[in-house]
Amino acid sequence: MSEIDLTGDVAVVTGGASGIGRRISLTLAEHGADVVVADLQSDPREGGDPTHERIDAEFEGTGRYVECDVTEPSELETAVEAAETLGGVSIMVNNAGISRSEDFLEIDEAAYDRMMEINAKGVFFGAQAAADRMIDAGREGSIVNLASISGVTGRATGVHYCASKGAVRVMTYAMAAALGPHDIRANAVCPGLIESPMTRQDLGMFGEDRGATDTYERTAPLGRVGQPQDIADAVLYLSSPLSGFVTGESVIVDGGATNTWSGVA
Ligand code: NAD
């Protein structure tokens, strides 16, 4: 198999300080890309050196950090602008997101708006900012948006999360239609349950209450939860020329959980 070489590519990864985004950033850099990490803070939620510092220390490519709240389109533009100094964005990974698991009747308007602002609006304007630069420069590009299996099927807790991720998945198809004529591809990745600060700290899924985690391990065909590297590998493929004819696709990376049924019927 050919080695993926992203030398000369510049990636912007929102939410790249922690969890899945951190692993995506490190993986793209490992394959030669320069990476702008755009996040609320540079310190990883799981501890350790900031992602951009690790890139500079371990890989040939350059790592940059830009403070960015994805709910502010102007801050996304600033992050994309930072990529210009490295040669210009050619890979945009809209990864920043939050998850909450409130019951349907407990979700108030503020919680709904917050979820949509970060998870859906943040992806929309991140992609727009990057596409604008790519088109201006006449540069081919790849946009990868982080959706979720919760944007493919529904679940009882976190209905607002499912709504935001369904929006990401379908807006990605529409982006592919709009941007294809400019040689810009747009794809979504739909992770299953991945061990990250989100699932560990925000959703408490790897603590004392392992109910959902145990169920996942018991019922998903591959018998395990995912790791950030599982998602980073899919993003690497979608960012690279290996996926040059793939656009308007959403790739489920979940160990088989979504498309199989372990019950009796
Ligand atoms: P995480 O909480 O571990 O990391 C998310 C990162 O996004 C953090 O660094 C955080 O600071 C950043 N972020 C949050 N709000 C932001 C904002 N307004 N502006 C800029 N940055 C912001 O989460 P994760 O598990 O790594 O999730 C990454 C993506 O993958 C999210 O979109 C999430 O919905 C999606 N996803 C995760 C899972 C999972 O099981 N972990 C499953 C499906 C989808």
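User: At what angle do α1 and helix α8 pack, and how far apart are their axes?

Analyst: This is a predicted model, in which local features need pLDDT of at least 70 and side-chain atom pairs count only at pLDDT 80 or more, while totals for chains, interfaces and linings use all residues. Residues are numbered from 1 along each chain as its sequence is written. Helix α8 (residues 228–239) and α1 pack at an angle of about 50 degrees, with their axes 8 Å apart. Axes are lines fitted to C-alpha atoms, for helices over the stretch in contact, and angles run from 0 to 180 degrees between N-to-C directions. The element names refer to DSSP runs, numbered from the N terminus: helices are H or I with at least four residues, and strands are E with at least two.

User: What makes α1 oblique to α8?

Analyst: Angles under 35 degrees count as roughly parallel, over 145 as roughly antiparallel, 65 to 115 as roughly perpendicular and the rest as oblique. The angle between α1 and α8 is about 50 degrees, and α1 is therefore oblique to α8.

User: What is the handedness of the crossing of α1 and α8, and which residues make the contact?

Analyst: The crossing of α1 past α8 is right-handed. A crossing has this name if the near helix is turned clockwise from the far one by less than a right angle, and is left-handed if anticlockwise. On the α1 side the contact is made by Gly19, Ile20, Arg23, Ile24, Thr27 and Leu28, and on the α8 side by Pro228, Gln229, Ile231, Ala232, Val235, Leu236 and Ser239. Contact requires that the C-beta atoms of two residues, placed from the backbone, lie within 7 Å. By class, this contact has eight nonpolar, four polar and one charged residues. Here Ala, Val, Leu, Ile, Met, Phe, Trp, Tyr, Cys and Pro count as nonpolar, Asp, Glu, Lys and Arg as charged, and the others, Gly among them, as polar.

User: Why are α1 and α2 called roughly parallel?

Analyst: The axes of α1 and helix α2 (residues 51–58) cross at roughly 20 degrees and come within 10 Å. The two helices are therefore roughly parallel to each other. Their crossing is right-handed. Arg22, Ser25, Leu26 and Ala29 of α1 make the contact with Thr51, Arg54 and Ile55 of α2, and the classes are three nonpolar, two polar and two charged residues.

User: Why are α3 and α4 called oblique?

Analyst: Helix α3 (residues 73–84) packs with helix α4 (residues 109–137) at an angle of about 40 degrees, and their axes are 9 Å apart. The pair is therefore oblique. The crossing of α3 and α4 is right-handed. In α3, Pro73, Leu76, Glu77 and Val80 meet Phe125, Gly126, Ala129, Ala130 and Arg133 of α4; by class there are six nonpolar, one polar and two charged residues.

User: How do you know that Ala120 is buried?

Analyst: A residue is buried if 20 or more other C-beta atoms lie within 10 Å of its own, exposed if 12 or fewer, and partly exposed in between, with C-beta atoms placed from the backbone. Ala120 has 21 such neighbours and therefore counts as buried. Ala120 is in helix α4 and, leaving aside its neighbours within four places in sequence, is in contact with Ser164, Ala167 and Val168.

User: Why are Gly8 and Thr7 called exposed?

Analyst: Gly8 has 11 other C-beta atoms within 10 Å and is therefore exposed. Thr7, with 10 C-beta neighbours inside 10 Å, also counts as exposed. Gly8 is in the segment before β1 (10–14), and Thr7 is found in the segment before β1 too.

User: What makes Asp183 and Asp202 partly exposed?

Analyst: Asp183 has 15 C-beta neighbours inside 10 Å and therefore counts as partly exposed. Asp202 has 14 such neighbours and is likewise partly exposed. Asp183 is found in the loop between α5 (159–179) and β6 (184–191), whereas Asp202 lies in helix α6.

User: How many residues surround the ligand, and how do they divide by class?

Analyst: The ligand is surrounded by 29 residues, the closest being Gly15, Gly19, Gly97, Ser196 and Met198. The shell divides into 14 nonpolar, 12 polar and three charged residues. A residue is near a molecule or strand if its C-beta atom, placed from the backbone, lies within 6 Å of it.
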